[in-house]
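The sequence and model are shown first.

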Amino acid sequence: MKQKRVGMILILAVILVLAACGKRVQEEEVVQNELQLWYYWDDTETRQCLLELIDAFNERHPEMMIVPKYVPDEDFKKTLALAVADQEAPDLAIVDSSDVQYYDSMGVLKDTSRFVVEEKYLEPALASCREPDGTYVGLPLGLNCLVFYYNEELLEQAGVPVPRTLDEFIEAAKRVSSAEVYGCAFPSLQSEESSFCFLPILWAKGGSIQDINSRESQEAFDFLRQLIDSGAMSKSSVNMTLSDITREFAKGNLAMMFSTSGKEKVIREANPKLKFGVAEIPNGDRPISVIGGEVLTVTSMEHISDSMQFVAFMANQERIKSYIMKVGMMSPRNDILQWQVEQDPELKKYASYLEHCRLRDMSPAWPPVSIAVSETINEIILQTAKPEILDDLAEAIQKIQEEQNEGK
């Protein structure tokens with residue numbers, strides 16, 4: 001009996017040891033891949049929405065973890081370009097639609113064509129991430145456009161009608177300005193936001209990037225110069241993002257602003273009592289604006305299969321419906337955009353604005369060209385610009401484009 005008990009104890013000990021070993025082996029087998037996703041959204045609600053989507057994906061895929069990293073918009077391009085050069089690129093990146101071709105020229109973006117069903121997407125969304133051979137190197141996440149916001153009460157108190165032209169905008173900004181209120185503000189950080197807001201003004205005046213020192217282009221820069229010289233706009237604009245400007249507008253500190261579509265929700269949540277209107281950029285009988293948006297890209301081969309699972313997750317029709325209204329963008333897909341309008345009829349006007357929108361230059365040279373333009377805007381608002389500044393800008397743009405052509 002004693003020998004039997006000893007034998008049973010030995011058997012039990014072996015079983016426990018084997019179970020423990022099996023548990024350790026099982027634990028070792030669950031290896032979690034960490035994938036970095038970089039983004040530049042600074043709006044609180046948009047950022048929170050993204051984090052919730054990432055959490056939902058991580059819960060469904062315990063074998064991997066998407067780790068988000070915020071990089072400020074003004075530093076994003078440089079930081080990502082340096083990471084690519086040092087072979088330390090993140091696995092995924094949400095990038096501005098106008099920057100896709102720039103990153104693609106580095107050879108870093110991976111083919112995501114199988115997630116882009118062409119007939120379902122709007123052409124402006126497809127154009128941003130389509131290669132010459134017809135493949136796609138990104139998943140369009142959402143679209144927006146530049147629109148005009150105005151404080152109804154401030155304009156009414158100053159006896160100023162809602163401006164319909166850029167000249168009327170300048171006059172309205174002057175008349176409504178006071179010790180407590182500025183007529184407007186303009187994002188002047190050296191980032192894509194600055195040139196994004198400036199392009200409709202440039203186009204409305206008949207100017208262009210290719211002819212940036214022409215008389216027509218000069219008139220566009222003079223639009224900013226008149227606002228700053230008259231005191232209708234503060235020099236502090238050079239330190240403001242579109243989100244900063246939107247917050248100031250919501251507080252009632254700005255009478256007017258040009259900002260991206262879909263900001264009503266942000267403004268109403270910040271100040272439910274504010275009475276404001278939204279319209280197309282005041283260009284008279286020739287409405288014109290600029291279209292923008294974001295694209296999800298895969299930027300590394302290290303965890304390519306896992307990265308593509310996240311792209312598939314974000315490409316799902318119901319998933320798009322779950323986030324598109326929260327982030328304040330229009331869907332790049334026709335069917336979901338129609339669904340959005342049904343959910344919120346106010347979006348119909350934004351969808352109609354898209355008809356008057358133009359694309360930015362979808363080329364690898366655009367990001368450095370854009371920064372050069374934003375630097376000029378910055379100097380004009382700071383009132384440090386030299387008389388020959390547009391000639392210098394024209395030379396800089398020509399050099400950037402020549403270098404890009406030589407690098408092909």
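In this predicted model, helix α9 passes helix α16 in a right-handed crossing. α9 covers residues 215–229 and α16 covers residues 366–382; the two pack at an angle of about 30°, with their axes 8 Å apart. Angles under 35 degrees count as roughly parallel, and α9 and α16 are therefore roughly parallel to each other. On the α9 side the residues that meet α16 are Phe221, Leu224, Arg225 and Ile228, and their partners in α16 are Thr376, Ile377, Ile380 and Ile381. By class, the contact of α9 with α16 has 6 nonpolar residues, 1 polar and 1 charged.

α9 also packs against α8, at an angle of about 130° and with the axes 8 Å apart. That angle makes α8 oblique to α9. The crossing of α8 over α9 is right-handed. Phe198, Ile201 and Leu202 of α8 make this contact with Ser217, Ala220, Phe221, Phe223 and Leu224 of α9. The contact of α8 with α9 contains 7 nonpolar residues and 1 polar residue, with no charged residues.

α2 passes α12 in a right-handed crossing. From α2, the residues Leu53, Ile54, Ala56, Phe57 and Arg60 meet Asp306, Gln309, Phe310, Phe313 and Met314 of α12. This contact of α2 with α12 divides into 7 nonpolar, 1 polar and 2 charged residues.

| Helix pair | Angle between axes | Distance between axes |
|---|---|---|
| α9 and α16 | about 30° | 8 Å |
| α8 and α9 | about 130° | 8 Å |

Next comes the pocket. The largest pocket has a volume of about 850 Å³. Its lining consists of 43 residues, and those nearest the centre of the pocket are Thr260, Ser261, Lys263, Val327 and Gly328. Which elements each supply at least two residues of the lining? They are α2 (44–60), α3 (73–85), α8 (192–204), α10 (242–250), α11 (264–270), β7 (289–298) and α15 (347–353). α11 gives the largest share of the lining, with 4 residues. By class, the lining of the largest pocket has 14 nonpolar, 12 polar and 17 charged residues.

The last item is a loop residue. Threonine 135 lies in the loop between α5 (123–128) and β4 (139–151). Leaving aside neighbours within four places in sequence, threonine 135 is in contact with Asp111, Ser113, Cys129 and Arg130.

Conventions. Residues are numbered from 1 along each chain as its sequence is written. This is a predicted model: local features need pLDDT of at least 70, side-chain atom pairs count only at pLDDT 80 or more; totals for chains, interfaces and linings use all residues. Side-chain values use heavy atoms; hydrogens and water are left out. Axes are lines fitted to C-alpha atoms, for helices over the stretch in contact, and angles run from 0 to 180 degrees between N-to-C directions. Angles under 35 degrees count as roughly parallel, over 145 as roughly antiparallel, 65 to 115 as roughly perpendicular and the rest as oblique. A crossing is left-handed if the near helix is turned anticlockwise from the far one by less than a right angle, and right-handed if clockwise. Contact means heavy atoms within 4.5 Å. Ala, Val, Leu, Ile, Met, Phe, Trp, Tyr, Cys and Pro count as nonpolar, Asp, Glu, Lys and Arg as charged, and the others, Gly among them, as polar. On a 1 Å grid over the protein atoms alone, a cavity is a set of points where a 1.4 Å probe fits but cannot get out, and a pocket is an open set with protein on both sides within 12 Å along at least five of seven lines; lining residues have an atom within 4 Å of a point. Grid points are joined across faces, edges and corners, and a volume is the space filled by probe spheres set on the points.
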